[in-house]
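Hi there,

Here is the structure I promised to pass on to you. Please have a look at it first, and then read my notes below.

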Amino acid sequence: YHMQVSQQDVLDVTMCPSEHDVPEYSLFSFTPRKILSKETPCYVLKMMKDLGFIDTFRIKIDTLSRFILYVRKGYREVPYHNWQHAFSVAHFAYLALKNFQLIEKGYLSQLEALAYFVSCLCHDIDHRGTTNSFQQQSNSVLASLYSSEGSVMERHHLSQTICTLNTEGCNFLDSLSSQDYRKCLDLIKDMILATDLASHYKIHAKQLNMAQEGFDKTNPYHKYYLTSLLMTCADLSDQTKDWTETKKVAQLIYAEFFAQGDLEKKMGKEPANMMDREKASIPDHQLEFLTQCCICIFKILATIFPSAKVLVNAIKQNILCWESSKRIFDKYSMEGKTSYEVLVSEE
Ligand SMILES: COc1ccc(Cl)c(-c2nnc3c(C)nc4ccc(C(=O)NCC(C)C)cc4n23)c1
Ligand SMILES: [Mg+2]
Ligand SMILES: [Zn+2]
């Protein structure tokens, strides 16, 4: 259950200074992970003001501030799927909205844009650092709740989002008309459920087809494929930053994966290779993930939005870096070091 968020905490966010206006903040090269956690609620407010949501939807700042603080409290201190991840995913949504001019060019309505940004901020609330398959394997409470419908963790993140909205003094959407409120919650549901990578694979071909045919603003399927694509791109946006960032993120992801692997071993289960700190070959697995999954998604994005080409190039650059660091990993693995030891040691 949420610990209390104090009135002073809310005030600190509502009164945050405008000193946060760094020009490079709206560039794709900006790395939101460098923002200090205590500064992030102010930045969320700044982004939502900048995107016009406050005025368009007559949002009360103190209610929104309390919502942001409760969402931050809703995230756990796990290596990767924590508030810093949520903040960076929301920052990418901000970059996409601004740089692709998603509202101005009619790709998204103001309401869809608001749902997109809020869904990114909330999409992993209360993540435990374990995968959907681990929920099944361990017969977790969440699996018993949601495994019949699939996307176990994502349904939990959605449920936590709704609960936070319904927390006293947090429903900043209550200024919306009942029709807009209903529509916004439906959009948030589709968008958070779309962050299940398994769901992405089911519609990947449709998204590619949509991009090649040309986005049709009147086609509701196209709208769904585009918002799902934008969610997955935001979720994977760490991979579009520079190599230093990519390496740091890999350390966090594998810290989480290997902790799950250790847990599975304790449960007498055989973890998948990529979860096993003794067997995983991080460069090979990352090369596979970037070449088979990541770059394909961002290429579709770049087909619709040519300015996303820089994101594809950044991923290509990271692929090259993994390939060249592979030789170093292989050398050290000859000396008995695991690839995780090399990853965290290599500076
Ligand atoms: C969009 O939804 C998610 C959910 C969870 C995660 Cl961790 C990620 C994610 N974000 N960055 C990465 C990187 C750099 N490598 C990854 C390598 C493998 C996997 C993966 O999920 N393989 C399937 C197996 C777990 C069934 C995810 C990876 N990933 C994205
Ligand atoms: Mg997730
Ligand atoms: Zn995520």
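Helix 14 contributes three residues to the shell around ligand 1, the most of any element. This helix covers 282-304, and together with helix 13 (243-266) it belongs to the helices that each supply at least two shell residues. Please keep in mind that this is a predicted model.

What comes nearest to ligand 1? Among the 14 residues around it, the nearest are Asp235, Gln239, Ile253, Met274 and Gln286. Sorted by class, the shell around ligand 1 holds seven nonpolar, six polar and one charged residues.

A polar atom in the side chain of Gln286 sits 3.2 Å from a nitrogen atom of ligand 1. In the side chain of Asp235, an N or O atom is 3.4 Å from an oxygen atom of ligand 1. Thr195 takes part through its backbone, with an N or O atom 3.3 Å from an oxygen atom of the ligand. On its own, ligand 1 has 610 Å² of accessible area, and the protein covers 77% of that. The space that ligand 1 takes up is the largest pocket.

Now for the protein as a whole. It has 16 helices and zero strands. The C-alpha trace spans about 60 × 45 × 45 Å along its principal axes. The radius of gyration is 20 Å, which agrees with a compact globule, because one of 347 residues would have a value near 20 Å.

Enjoy exploring it!

Best wishes

Note on methods: Residues numbered from 1 in each chain as written. Chains lettered and ligands numbered in written order. Predicted model: local features only at pLDDT ≥ 70, side-chain atom pairs only at ≥ 80, totals over all residues. Heavy atoms only, no water. Near = heavy atom within 4 Å. Polar contact = N/O pair within 3.5 Å; in protein donor to acceptor, adjacent residues only side chain to side chain. Areas by Shrake-Rupley, 256 points an atom, 1.4 Å probe, with all protein chains shown as cover. 1 Å grid on protein atoms, 1.4 Å probe; cavity = no way out; pocket = protein on both sides within 12 Å on 5 of 7 lines; lining within 4 Å. Sits in = over half its atoms within 2 Å of the grid points. Helix = DSSP H or I, 4+ residues; strand = E, 2+ residues; numbered from the N terminus. Nonpolar A, V, L, I, M, F, W, Y, C, P; charged D, E, K, R; others polar. Rg over C-alpha atoms; globule rule 2.2 N^0.38 Å.
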